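Subject: Structure handover, with notes on charged pairs and cores

Hello,

Here is the structure I promised to pass on. My notes follow below it; please read them with the structure open.

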Amino acid sequence: MNGRYPFLVSIPHGGTAIPPELRGLVNLTRKEIVFNSDPHTRLLYGFDDTVEAVVDFDVSRIFVDTNRAPYDYPPRTQDGVVKVITQDGTPVFKRGQTPGRELIGTLLQYYYHPFHKQLAGALDTRPIEIAFDCHSMLPRSPPVRMDAGRPRPLFCLSNRGDRNGRPKGAGGLVTCPPEWLQALTRSFQAEFEGEGRVAMNDPFRGGFISVAHYRRRRIPWVQVEINRGLYETEGREVDEARLVELRGRIFSTLAGFWDEVSG
């Protein structure tokens with residue numbers, strides 16, 4: 001090994017930028033955009049010097065969500081590749097200004113597809129043996145979800161399987177071997193013992209990124225979600241030193257997992 005772990009780290013929701021094509025159409029304040037993105041994940045998972053590849057994204061997930069299928073857009077869905085409402089139900093766009101098919105096509109061309117091409121390029125050209133799609137989650141499920149108000153675990157690790165990481169039903173797809181997901185869960189449990197629950201595929205089972213790129217190359221993917229309560233106050237204030245500490249602990253967890261499963 002060249003001193004770097006054979007990991008691809010995808011950070012699709014850390015950006016907070018508004019595409020210039022949407023300027024003047026947006027109904028949200030800067031604070032609302034940041035809250036509805038995955039703020040601070042670029043620092044939390046910024047392992048650039050120690051892994052094979054890190055791919056992140058400048059645009060807020062509200063305007064271009066790279067973890068959704070490119071054909072999931074309004075009016076078909078409110079929570080697709082372009083959002084119609086935020087996590088608390090606020091309209092994203094001014095009345096009558098929701099992007100139509102042509103503008104959505106432009107957003108896909110300029111932002112969505114280049115991000116996925118970066119992921120594919122890293123998988124095709126670098127010695128990647130596992131990929132992590134890295135996110136944050138609110139401490140409780142937001143009002144727009146079916147399980148609104150439900151407390152969330154400290155970490156959620158997902159491979160599209162059941163709560164033990166195994167396929168849901170005969171022949172079901174998992175993006176990472178169950179044994180690997182279980183080993184990763186043990187590694188997180190050991191590092192964060194006594195601080196909260198580490199769950200598999202609950203409340204998230206993994207999104208479009210991990211499934212699409214796993215199907216293309218069959219390199220294992222895990223979606224990682226960290227509870228924002230670990231580093232945000234209820235007033236959404238953040239201590240940057242805490243973020244740096246957590247980044248070190250998360251990387252130590254991933255490295256310990258890899259040292260175990262790679263033998």
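Asp65 and Arg61 form a salt bridge through their side chains, with an N to O distance of 3.5 Å. This is a predicted model, so please take the distances here as computed from predicted coordinates. Both Asp65 and Arg61 are buried.

Asp65 also has a salt bridge to Lys83, at 2.7 Å from N to O. What parts of the chain does the pair of Asp65 and Lys83 link? They are distant parts: both residues sit in the loop between strand E2 (51–56) and helix H3 (101–125), 18 residues apart. Lys83 is buried, as is Asp65.

A salt bridge also joins the side chains of Asp124 and Arg216, 2.9 Å from N to O. Here, too, distant parts of the chain are linked, with Asp124 in helix H3 and Arg216 in helix H5 (residues 208–217), 92 residues apart. Are these two residues buried or partly exposed? Asp124 has 44% relative accessibility and therefore counts as partly exposed.

Shared partners join several salt bridges into one network, made up of Arg61, Asp65, Arg68, Asp79 and Lys83. The count for the model comes to 18 salt bridges. As background, side chains of opposite charge can pair when their charged atoms come close.

Now the nonpolar side. The largest nonpolar core has 35 residues, and the members that touch the most others in it are Tyr45, Phe132, Phe155, Phe188, Val222 and Ile250. Which elements give two or more residues to this core? Among the strands they are E1 (5–11), E3 (130–137), E4 (155–158), E5 (198–200) and E6 (221–227). The helices are H4 (178–191) and H6 (240–261). Of these elements, H6 gives the most, with eight residues.

Leaving out residues up to four places away in sequence, Phe188 touches Phe155, Leu157, Val198, Val224, Ile250, Thr253 and Leu254. Another core lies apart from the largest one; it has 33 residues, including Ile62, Leu108, Tyr112 and Ala122.

Regards

Terms used
Residues are numbered from 1 along each chain as its sequence is written. This is a predicted model: local features need pLDDT of at least 70, side-chain atom pairs count only at pLDDT 80 or more; totals for chains, interfaces and linings use all residues. Side-chain values use heavy atoms; hydrogens and water are left out. A salt bridge is a side-chain nitrogen of Lys or Arg within 4 Å of a carboxyl oxygen of Asp or Glu. Buried means under 20% relative accessible area, exposed over 50%, partly exposed in between (1.4 Å probe, protein chains only). Helices (H or I, at least four residues) and strands (E, at least two) are DSSP runs, numbered from the N terminus. A nonpolar core is a set of buried Ala, Val, Leu, Ile, Met, Phe, Trp, Tyr and Cys residues joined through side-chain atoms within 4.5 Å. Contact means heavy atoms within 4.5 Å.
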